[in-house]
Amino acid sequence: MSRIAVVLGRGGHTAQTFALVDLLGDRFQYVYLIGLLDSLTPKKIQIDGSILPVLPPRLLPQDSKILSAVRTVVTLFLSFLYFLVLRPVAAISCGTGMTVPIFLAARMLGIPTVFIESMSRVENLSITGRFLLNRTDLFMVQWPQLADKLEGVVYGGQLL
C-alpha cells in the first residue's frame, strides 16, 4: 500500500486537510506530521496512520525570530529523516506554515509535493503559498479567480 505524508497544522488548515484525506480514503497509508505541542489535532484523525512530531516555526507567540529559524532547521532535519526511512509516495499540505521545511526535505529526496492553498485565500496567496509557488510538483488553489492570476497554479475546487 502506498504511503502519503500529510502535514497537519491547526484550525482551518486541518479541517481542509482532513477533508482531502477523507476523499483519498483508506487506499493509502498515512503518515501525519503534526506540531509537537498540538494535542488536539491527533484526536481528530479519522483514518489511522503514524503520527510524527515536528517543531512548528512559531511554537509560542513570544518566540524570537532566531528561535523560529532554529525550529525550522530542526523540522527540516526531522522531516528528512522521517522521509528517508518511510519513503512516502507524496507529501501533501493545505497551507500550514510548517509546510515549508517539510516540503523542502521531501524535495531533497525526490518525493513529490502537493500544496493546496488554504480556502481562506481568495484573492492572493498566503506567505507559505508565496514561498512554495513554483517549488512544488502540484500547486492547487480553491478559488478560480486566484488560479486565473497565477501561472503554474491549478484550480482544484473547494475541499469544504
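1. In this predicted model, strand β1 (residues 3-8) and strand β2 (residues 29-35) run parallel and are joined by 6 bridges.

2. The β1-β2 pair belongs to an open sheet of 7 strands, ordered β3-β2-β1-β4-β5-β6-β7, with parallel pairing. The edge positions are taken by β3 (49-54) and β7 (154-155); each has a single partner strand, so one side of each lacks a neighbour in the sheet.

3. Helix α1 (residues 12-24) packs on this sheet and touches β1, β2, β4 (90-93) and β5 (113-116). The direction of α1 makes about 160° with that of β1; angles over 145 degrees count as roughly antiparallel.

4. Within α1, T14 deserves a separate remark. Is T14 buried or exposed? Its relative accessible area is 3%, and because buried means under 20%, T14 counts as buried. Apart from neighbours within four places in sequence, T14 is in contact with L8, G9 and T41.

5. How do α2 and α3 cross, and at what angle? The axes of α2 (residues 65-86) and α3 (residues 99-108) come within 8 Å, with a crossing angle of roughly 40°. Angles under 35 degrees would count as roughly parallel, and those from 65 to 115 as roughly perpendicular; α2 and α3 are therefore oblique to each other. The crossing of the two helices is right-handed.

6. Which residues make up the contact between α2 and α3? On the α2 side they are T72, T75, L76, S79, F80 and F83, and on the α3 side P101, I102, L104, A105, A106 and M108. By class, this contact has 9 nonpolar and 3 polar residues, with no charged residues.

7. Helix α3 is mostly covered, with 7 of its 10 residues buried. The buried residues in α3 are T99, V100, P101, I102, F103, A105 and A106. Among these, P101, I102, A105 and A106 also take part in the contact with α2.

8. A last point concerns the residue G110, which follows α3. The phi of G110 is positive, near 75°.

Key:
Residues numbered from 1 in each chain as written. Predicted model: local features only at pLDDT ≥ 70, side-chain atom pairs only at ≥ 80, totals over all residues. Heavy atoms only, no water. Axes fitted to C-alpha atoms, helices over the stretch in contact; angles between N-to-C directions. Helix = DSSP H or I, 4+ residues; strand = E, 2+ residues; numbered from the N terminus. Left-handed = near helix turned anticlockwise from the far one by under 90°. Contact = heavy atoms within 4.5 Å. Nonpolar A, V, L, I, M, F, W, Y, C, P; charged D, E, K, R; others polar. Pairing = 2+ DSSP bridges. Buried < 20%, exposed > 50% of the residue type's maximum accessible area, 1.4 Å probe, protein only.
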